Every structure is written in structure tokens, then in C-alpha cells.
Amino acid sequence: MTPFLTARLRRYICTCSVLCVHLLRVCGSELTFELPDNAKQCFYEDITTGTKCTLEFQVVTGGHYDVDCRLEDPDGAVLYKEMKKHFCFSNEFSTFTHKTVYFDFQVGEDPPLFPNENRVTALTQMESACVSIHEALKSVIDYQTHFRLREAQGRSRAEDLNTRVAFWSIGEAFILLVVSISQVVLLRSFFSDKKTTTTRHSPT
Amino acid sequence: HKPIVICIHIFVSALYFHIGETEKKCFIEEIPDETMIIGNYRTQLYDKQKEEYLPATQGLGMFVEVKDPDEKVILSRQYGSEGRFTFTSHTPGEHQICLHSNSSKFSLFAGGMLRVHLDIQVGEHTNNYAEIAAKDKLTELQLRVRQLVEQVDQIQKEQNYQRYREERFRQTSESTNQRVLWWSIVQTLILVAIGFWQMRHLKSFFEAKKLV
């Protein structure tokens, strides 16, 4: 059985592949959620043995764009036929940055277009052309998703920078004024004290 | 009753997670406009006697709230222990789908967790091709071509949304650029002005004190 693995990378694609004996006809799950600081979020799925599944995740916003991901198999005590796999995202190492995580968990192959399609008859040329276009378009959509996530990452950083620049300018202007006025006041106070001490000492 | 049967069938193996009694779980979907989203969920409650998760009783339902990118609520409804919610986006952007349980009988949870099976389908995946084939009486080839058309449609919408996002990104970057530029100029002016004021003030002060 594949052991659990810990990953702390910006983007990690882990494939757990066992010999494909049964192909379970299941769709994939694609979700985006917010992971608060010091939190852990787990997702579970029941999968039959021998199904190839792919988990892909990316941290979209927050911190250093790292998150702990653990993918676990159940113990051997569970039933033989059905196996639960669960994966967890943990943000327990960070104290104040909450993160947005996107993940895409594909189990098995995509369901066929026709539920009662018999694979015995070969596809005509048109049909196989349609199938290959379908696969190509699926990868286009996949790339679009990745691009969208990267753009979201960049945009959130840019917006963050924008607000930081605004706050910093205002803060620095305030600091400048306070420091310069207090400099002048302090200098004046030096000379004022000297004057009073000299007047006090002069009679003696 | 047929739709319910289909729902359960789709749910044979969907991703699930655990949710506490007062916990609210939110998911973010960044989608272009005029995109349909269908969400299916199914809940299970832990039965201590049988020590396994069983379908939840009737009293337990989930409250589903969907917010659009402008924080306006576009769907706010309560469903039973199993439900299906659908909405179509009218503005592109990040939509937030939040679920929390409305348990009126707190003893049901008994300190345990509720198991929620969730499946969210976006855009082209919401189409039920078997239904479309039956309704429009399409041959296999026509159905495949229809699927390709839907996919290309989704790609086109996403690219439009991409252009709109890139425009926003560019606006933010240009605004930052402007702010940095103006701030450098203003800071230099402030510094020079303060320098002048300090020297003039101190000079007049020392002249008054007859030190200069």
C-alpha cells in the first residue's frame, strides 16, 4: 500500500497509481476553499482498489504560498474491497495568514458520454476525431484553470502591494512631520535651559 | 421522484468532509458570467450504536448561502439532509458557497461530526447529455459534437473573463506605479520644505537669543 506522504511545496502533483484492474466510473472533484490559520481541513473519498487517482493542489493566496498536504491510506483493518483515502491540508504552522487553497482530485477515468455505450464496436473516424478533440479541449480547460490560479496569485500580491504603498506613504509623511517638529522643539529646549542657568549663575 | 434517484446514483462516490454543529464551510468558485453551477450534497450522521455513519434523519438540514463577487446574496435557502442547489452567475468573479447545518435538535450530533458528501459541477459539466440526447433526438455523433460545442463555449467565456481580470490587474499595477511616483515627488518636496522651515525658524530663534 502506498504510505502517506507529506508535501510542503508550492505546487505538488501526486499520483497514486496501482495496477489498473477496475476502472471506477467516477467524476473528479475540484474545490477552492479558505484555510484559516492554525487550521486543518481534511477531505475523504471512498475508492476501490486498483483505481488510479490524481490529486493536484495549489495555494492561491496567502503567506509564502506553502501548505502541508497529507494523503493517507486507511489501515489494513478496513474492508478489502473498498478503501478510503483521505488527504488533509494543514495551516497549523502559520499564526496569522489564512490561505486560499485550490485542489482537484480526479478518481478514475471520466464517465463515457453514453451510459450504455458498448466498447465492442469500433468508433468511426468522425467519432474518434471528436474524442481526440474532446481530450484536447479538456487539456485546454485545464491549462486555463492553472493560468487563472497563477493570475489570481499575482493579482492578490499586486493589490496587497498597492494598499501597503498607500499606508506606508501616509505613515511616512506623518513620521517626517513629527520628527522634524520635535527636532526643532528639542533644540529650542537646549538653548532655553542654558539661558536660565546662565542668568542664575551670573549674580555669583 | 426520478430526479432524486438520479441524485443518489451520482453520489455513489463523491468527496466528503466533516463539519461541526455550528461550523460553516465555505467554498470559492471563480467563474465567468452566465455560468451555471449545480451543487449536490448528502449528509450522514454518526450512529454510536452501530458505530458507523448512517443517512441523517429528516430533522437535520443544511443551510446553503451563495454570495456573488459583490457580497450580494444570490441564493439563501434551507434544504433537507440531501439537496441540490443550482444558480447561474450574472457577474464574473469569485462566488462563495457556504454550507452550515441547521440542527434544531442538538442531541443528534452528540458531540460528533456530520459527514457531508459534496459535489459541485461548473459550466459544461452541468449538462446532462443523456437528457439532451433524448430531448433533441440526437445521434451519437451529433451528441459528441454538441459536447464539443459546449466545451468551446466554456473556453470562450473563460477567456473573456480572463481579459476582464487582466484589465483589473493592470489597473491595480498602474495605480501602484502612480502612487509610488507621486509619493516620491511629494516626499522630496516635504523634505526640502521642512529643511527650509527648520533653518529659518532656528535662525530667527538664535537671532532673538542674540547667539548669532
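In the predicted model, B:E30 forms a salt bridge with A:R148, the closest N and O atoms being 3.6 Å apart, a salt bridge being a side-chain nitrogen of Lys or Arg within 4 Å of a carboxyl oxygen of Asp or Glu. This pair crosses between chains, running from B:E30 in strand β2 (residues 24-31) of chain B to A:R148 in helix α1 of chain A, where helices (H or I, at least four residues) and strands (E, at least two) are DSSP runs numbered from the N terminus. B:E30 is buried, as are B:E158, at 11% relative accessibility, and A:R148, with a relative accessible area of 10%; buried denotes under 20% relative accessible area, exposed over 50%, and partly exposed in between (1.4 Å probe, protein chains only). These three residues belong to a network of salt bridges that also links A:E151, A:R155 and B:R165, and 14 salt bridges are found over all chains of the whole structure.

The model is predicted, so that local features need pLDDT of at least 70 and side-chain atom pairs count only at pLDDT 80 or more, whereas totals for chains, interfaces and linings use all residues. Residues are numbered from 1 along each chain as its sequence is written, chains are lettered from A and ligands numbered from 1 in the order in which they are written, and side-chain values use heavy atoms, with hydrogens and water left out.

Within helix α1 of chain A, A:R164 and A:D160 lie 4 residues apart, about one turn of the helix, and their side chains meet in a salt bridge (3.0 Å, N to O). Here A:R164 counts as exposed at 56% relative accessibility, while A:D160 is partly exposed, with a relative accessible area of 38%.

Chain B contains 3 helices and 9 strands, which follow the pattern α-β-β-β-β-β-β-β-β-β-α-α along the sequence. Buried residues make up 41% of its 212 residues. The UniProt annotation "transmembrane region", from an unreviewed entry, covers residues 180-199 of chain B; such annotations may be inferred rather than shown by experiment. In the model, this span is 100% helix and 0% strand, and its end C-alpha atoms lie 29 Å apart.
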